[in-house]
Amino acid sequence: MKMAVYTLLAIACVLPTLVLGYSAGAGKSACINLTPNHDNTTAQNSTAPYTLTVNTTSIIEGGVVTVTLETTAAGGYFEGFLVQARCTKCTTADTAIVPGTFAKYNASDDTIKTMDCENVAKNAITHTSEAKQNNTMFTWTAPTDYDVKQGIQFRAVIVKSKLTWWNTVMSAEISVSKPTGSSSQSVLGMGVFIVSITASLLL
């Protein structure tokens with residue numbers, strides 16, 4: 001009888017840990033491969049019943065994108081997620097996390113929080129509880145020094161339950177360009193510099 005009680009107590013102690021593995025947000029182990037730490041589970045092979053949509057597919061360095069994660073199935077929901085911006089044209093595109101900054105769309109939204117992957121501040125966003133949701137919104141600010149030749153795409157792992165999750169959800173690709181006039185300003189600045197040097201030599 002005592003053994004049965006001890007066994008039940010052990011299960012009661014371990015169960016919250018298993019649940020909190022994703023209920024309070026994605027674990028750091030999910031950062032690189034977008035794979036939750038759910039023992040003996042694998043990603044679903046079916047088309048994910050979720051979408052990641054963006055309000056624009058073209059921004060400037062330092063620009064802001066609004067991202068919406070939502071279910072496509074009637075009555076659908078998710079209990080957890082992790083979203084990152086990934087480089088689409090890098091040689092390590094599958095693991096290259098773009099160092100932009102995520103933020104809540106609504107400051108009072110307590111269902112999501114930013115996350116630091118690979119020790120880079122706020123370069124991912126995740127859930128705060130396992131409460132069922134059918135949509136959520138957040139923003140992402142592009143870095144000001146990003147290589148504009150590289151494309152950006154938001155990628156996510158989305159958890160419906162501990163045993164059911166997808167990591168193939170992606171947004172449309174986003175292009176990043178330099179602010180208008182930055183090139184002409186550089187040329188103008190160089191022209192002024194040359195004129196100044198020439199004037200000094202003539203004097």
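Trainee: How many bridges join strand β4 to strand β7?

Mentor: First, the general idea: strands of a sheet pair through backbone hydrogen bonds, either parallel or antiparallel. Here β4 (residues 80–87) and β7 (residues 120–127) run antiparallel and are joined by three bridges. Two strands count as paired if DSSP finds at least two bridges between them, and strands are DSSP runs (E, at least two residues), numbered from the N terminus. To find your place, look for Q84, which stands opposite A124 in β7. By the way, this is a predicted model, where local features need pLDDT of at least 70, side-chain atom pairs count only at pLDDT 80 or more, and totals for chains, interfaces and linings use all residues. Residues are numbered from 1 along each chain as its sequence is written, and side-chain values use heavy atoms, with hydrogens and water left out.

Trainee: What is the strand order of the open sheet of five strands?

Mentor: Read across, the order is β6-β7-β4-β9-β10, with antiparallel pairing. β6 (112–117) and β10 (164–170) are the edge strands, each pairing on one side only. On average, neighbouring strands of this sheet are turned by 30° against each other, direction ignored; axes are lines fitted to C-alpha atoms, and angles run from 0 to 180 degrees between N-to-C directions.

Trainee: And which order does the open sheet of four strands have?

Mentor: That one goes β1-β3-β8-β5, again with antiparallel pairing. β1 (50–54) and β5 (101–104) each have a single partner strand, so one side of each lacks a neighbour in the sheet. The twist averages 25° from one strand to the next.

Trainee: How many bridges do β5 and β8 pair over?

Mentor: Four, in the antiparallel sense, with β8 covering residues 135–141.
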